[in-house]
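Thank you all for coming.

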Amino acid sequence: MATSPTPTPTSDSTAAQAVVEVLAGAGVRRCYTVPGESFLELSDAIDRHEHMDLVSTRHEGGAGFMAEAEGKLTGVPAVAAATRGPGAANLAVGVHTAHQDSTPMIVFLGQAETDRLGREAFQEVDLTAFYAPITKWSTTVHRADRLAEVTAEAVRVATSGRPGPVAIAVPGDLFGERVAVPLERAGYEPPRPPLSERDRDRLATWLTRAVRPVIVAGGGARGAREELVRVAEHFSAGVYSSWRRQDVFPNDHPLYLGHLGLGSAPPTLEALREADAVLVVGSRLSETTTQGYRLPSPEARIAQIDADPRQVGAGTDLWLGAVADAGAALSCLMGSRLPSSFRDWSAARRVWVESTRPPRAVEQHKGPGLHPWNVVEGMREVLPEDTLLTNDAGNFAAFLHRGWWYRHPGTQLAPTSGAMGYAVPAAVAAKVARPERTVVAVAGDGGTTMTGMELETAVRVGAPITVVVFQNGLYGTIAMHQARELGRMSGTRISGPLDLAGFARSLGARGATVDSREGLDKALAESVAAEAPTLVDVRTDPDAISPSAALSDLLPGD
């Protein structure tokens, strides 16, 4: 993390000013928050600092998603701040997302004043206990002169090993106290543990001798894309991306074999099922990535490289486990000096490529609105291929996961936690952090109505994002499960069609409603060129519930 120039605080600095100096010195650039009375001085100090920005959001959930998205995109933690019980509860969904997604984040939680703690004061909650299960470290600071020190430790914890969120609860009277000038701190560089030579040689020999070696790459390998490509090419290994980490490896590379997500086309999994050697790099072997803990095959030898020792071997037996940074380990692996290999992955590659194309039946689609496949096709044809996509939870995402090719690094922000409401706030933060990028949020009407108010934030901070909404009038994922398991639906319909384009315009953004491919292409082209946020409300067919099922086929006939 690069060191940035910082102004020297005066001898009568407040504890909040001391905290902000530590944050700015660590490269932290933004705090996302709904302002609260329990951290007035912290908000003020951030807003007044020349190297930091205070971004006020419409809801703490939006603030949490924004901080998570910036940390995931840049590798540098952002701050999320909330007040006491209600604010902290609202923020928790974003913090949980950061925890599940291994994203660095610094969380400040305003707390009741020191002399009122433990007396069930106004909005008092035991925030340390509340946040402990969803953070790497949760603590309450009781002395103003310790705040800068604890903040520096929080940065170290959040960015070391497997990154994640750290929560600091602060009684409301501490931020304004006067403290001694903190020592100037150098920017902190997280350690990058290397692969041992012994493990390097064992892995290289194993991959060379394997018949069908496969690599499963996750978020821990995001910063090691070039090294990952070189290792895959040298050992002629097929590569799968783990759940919602599709940009970790170029999808147009002949060794890319698919995405281990929800609803992956079964034929694309055969190469992993038949692999005799599986190298897992920077990825948890989570329920989704392992397709319900069914893959890799029990007959395969599995090796895992991860920066977190708690993840190595968690949930499966390993032939070899190594605690190492993904980039350092992959670079080391290339130094084995063993000759390169060749294996023909063309058949498996063709299976994946075919799975990314709409079935022929989509061409004859006559239902109301657009088929979701047609929306993804329109996006592929109109949007720049290096567009940064943020995507929400919902069945619409299955079409996006199958149909969009991630050719460039840093082009996917998606919660592995499956949190609804992520896409719009994440897009705002991505555009603020990377203003030169084309940023597109992709969501359903359910997720949009949860956090779409953050379009007001986008307008206010000047973040011209595009929001593509698949509006089908349903909580589609749950409707599909209800139809399949119960033969009927309950509580999953959304009133509508909603005038989401009008909603966007009411917040100062642009809005367009489309129900044809021609209208979609025009709206997308105009939105990318616009200087203001744009919501494209795409009316889609509710019967097209997933790439492999129609809702009408799951429900009993009349």
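Predicted model: local features only at pLDDT ≥ 70, side-chain atom pairs only at ≥ 80, totals over all residues.

Six strands make up an open sheet, and if you follow them across, the order is β2-β1-β3-β4-β6-β5, with parallel pairing. At the edges stand β2, residues 53–56, and β5, residues 137–140, and because each of them has a single partner strand, one side of each is left without a neighbour in the sheet. On average, and ignoring direction, neighbouring strands here are turned by 20 degrees against each other. If you look for β3, which covers residues 78–83, you will find that it runs parallel to β4 and is joined to it by six bridges; one place to look is V79, whose bridge partner in β4 is I106. Lying across β1, β2 and β4 is helix α2, residues 40–48, which runs at about 125 degrees to β2.

Now to the charged side chains. By the rule used here, the count comes to 25 salt bridges, and I would like to show you a few. Within helix α3, residues 60–74, K72 and E68 lie four residues apart, which is about one turn of the helix, and their side chains meet in a salt bridge with an N to O distance of 3.1 Å. Are these two residues buried or exposed? Both K72 and E68 are buried. A second salt bridge is formed by the side chains of R245 and D101, at 3.4 Å from N to O. This pair links distant parts of the chain, since R245 sits in the loop between β8 and β9 while D101 sits in the loop between α4 and β4, and the two are 144 residues apart. R245 and D101 are also both buried, and E68, K72, D101 and R245 are linked in a network of salt bridges.

A further salt bridge joins R310 to D308, with the closest N and O atoms 3.3 Å apart.

Next, a pair of helices. The axes of α8, residues 225–235, and α10, residues 326–333, come within 9 Å and cross at roughly 35 degrees, and the crossing is left-handed. On the α8 side the residues in contact are E227, L228, V231 and F235, and they meet G327, L330, S331 and L333 of α10. Sorted by class, this contact has five nonpolar residues, two polar and one charged.

Finally, the backbone. Most residues other than glycine have a negative phi, and most peptide bonds are trans. With that in mind, please look at S102, which is not a glycine and yet has a positive phi of about 55 degrees; S102 lies in the loop between α4 and β4. S236, in the loop between α8 and β8, likewise has a positive phi, near 50 degrees. As for cis peptide bonds, one joins L295 and P296, with omega about 0 degrees, and another runs from G496 to P497, with omega near 5 degrees. P296 is in the loop between β10 and β11, and P497 is in the loop between α17 and α18.

Methods. Residues numbered from 1 in each chain as written. Heavy atoms only, no water. Axes fitted to C-alpha atoms, helices over the stretch in contact; angles between N-to-C directions. Left-handed = near helix turned anticlockwise from the far one by under 90°. Contact = heavy atoms within 4.5 Å. Nonpolar A, V, L, I, M, F, W, Y, C, P; charged D, E, K, R; others polar. Salt bridge = Lys/Arg side-chain N within 4 Å of Asp/Glu carboxyl O. Buried < 20%, exposed > 50% of the residue type's maximum accessible area, 1.4 Å probe, protein only. Pairing = 2+ DSSP bridges.
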